[in-house]
Amino acid sequence: MRAKRVITIHVRDDREKEEFMRELQRLRLPAFIYVHGKLDSLKINVQGTKDEIRDAIQKIREIHTRVRAKLYPDRRGLYRYKVDDLLREAGTSVSTPIIVKTLELVGEKVELRDDEIVTSMPWEEAVEVTSRLGEALAEIALQTTRQIREVALPVAIAYDLDPEEVLERLVELGLAEWKEDKFKYELVKNKEQALEELLKALEGDADED
């Protein structure tokens, strides 16, 4: 037996409304959904079986919570993003440790909770950084191991360097080497030590300038 239910979602501004509608359009549900918008609210008409309606409303509320978490900071001034949302918006696929380390290096607060990044960096900026990471990854993906990428990519973005240049610097410092048999750069030291020594060297360069 088909039924109908109307729920109201309150939004603060057009940005929230647009982001919510975009996410809603991505939903693939058996229930029929019709949205009627006003200035600060959206009336959502959900039709289907009772189970379909219950499932749809739960997903709609989850979407709204996610949209608010990424657009507005909490009391600590932190935003919350699903990693998948960030990668999809940036149109790339970069590993989570690389994103987290990059945000740390550019001076943002950041922590990882399950599949969410909690950070002081606003959504649009986080998308831009992730997009730049994706472009840098495309340049060096074939000639690097995962470990060395976790050092080279965050540094390339944080210091606005060409990723190839970062790889060469790692070799110069004796932190990485080119493996002829694998056609790849590999770290000689563990990634924490390599990152620490690379950052020291780059800060030394900056002091000389």
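This is a predicted model: local features need pLDDT of at least 70, side-chain atom pairs count only at pLDDT 80 or more; totals for chains, interfaces and linings use all residues.
I started with Glu 19 and found it in helix H1, residues 14-26. Helices (H or I, at least four residues) and strands (E, at least two) are DSSP runs here, numbered from the N terminus. Residues are numbered from 1 along each chain as its sequence is written, and side-chain values use heavy atoms, with hydrogens and water left out.

Is Glu 19 buried or exposed? Glu 19 is buried, because its relative accessible area is 8%; buried means under 20%, exposed over 50%, and partly exposed in between (1.4 Å probe, protein chains only). I then listed its contacts (heavy atoms within 4.5 Å). Leaving out residues up to four places away in sequence, Glu 19 touches Val 67, Lys 70, Leu 71 and Trp 123.

Next I checked how H1 meets helix H2, residues 50-71. Their axes come within 10 Å and cross at roughly 135°. I noted that axes are lines fitted to C-alpha atoms, for helices over the stretch in contact, with angles from 0 to 180 degrees between N-to-C directions. H1 is therefore oblique to H2: under 35 degrees counts as roughly parallel, over 145 as roughly antiparallel, 65 to 115 as roughly perpendicular, and the rest as oblique. On the H1 side, the contact includes Glu 19 and Phe 20, and on the H2 side Val 67, Lys 70 and Leu 71 are among the residues involved.

**Rings and charges**

Lys 70 came up again: it lies over the face of Trp 123, at 4.2 Å from the ring centre. For a charge to sit over a ring, NZ of Lys or CZ of Arg must be within 6 Å of the ring centre and within 35 degrees of the ring normal. I found Arg 12 with its charged end over the ring of Tyr 72, 3.9 Å from the centre.

Trp 123 also belongs to a cluster, linked by ring pairs with Tyr 79 and Tyr 81. Rings of Phe, Tyr and Trp (its six-membered ring) pair if their centres lie within 6.5 Å; planes under 30 degrees apart are stacked, over 60 edge-to-face, and the rest tilted. The count came to three aromatic pairs. One of them is Tyr 79 with Tyr 81, stacked at 6.3 Å centre to centre and 20° between the planes. Both Tyr 79 and Tyr 81 are buried.

**Helix H4**

Which residues of H4 (96-105) are buried? I noted Ile 98, Ile 99, Val 100, Thr 102 and Leu 103. The buried residues of H4 pack against several elements, including helix H3 (83-90), strand S5 (110-113) and helix H6 (146-158). H4 and H6 pack at about 40°, axes 9 Å apart, and are therefore oblique to each other. Among the residues that meet there are Ile 98 and Thr 102 in H4, and Leu 153 and Ile 157 in H6. Just after H4, Gly 107 takes a positive phi of about 90°.

**Two positive phi values outside glycine**

Asp 114 has a positive phi of about 55° although it is not a glycine. I placed Asp 114 in the loop between S5 and S6, and it is exposed, with a relative accessible area of 78%.

Asp 160 has a positive phi near 55° and is likewise a residue other than glycine. Asp 160 lies in the loop between H6 and helix H7 (163-172) and counts as exposed at 63% relative accessibility.
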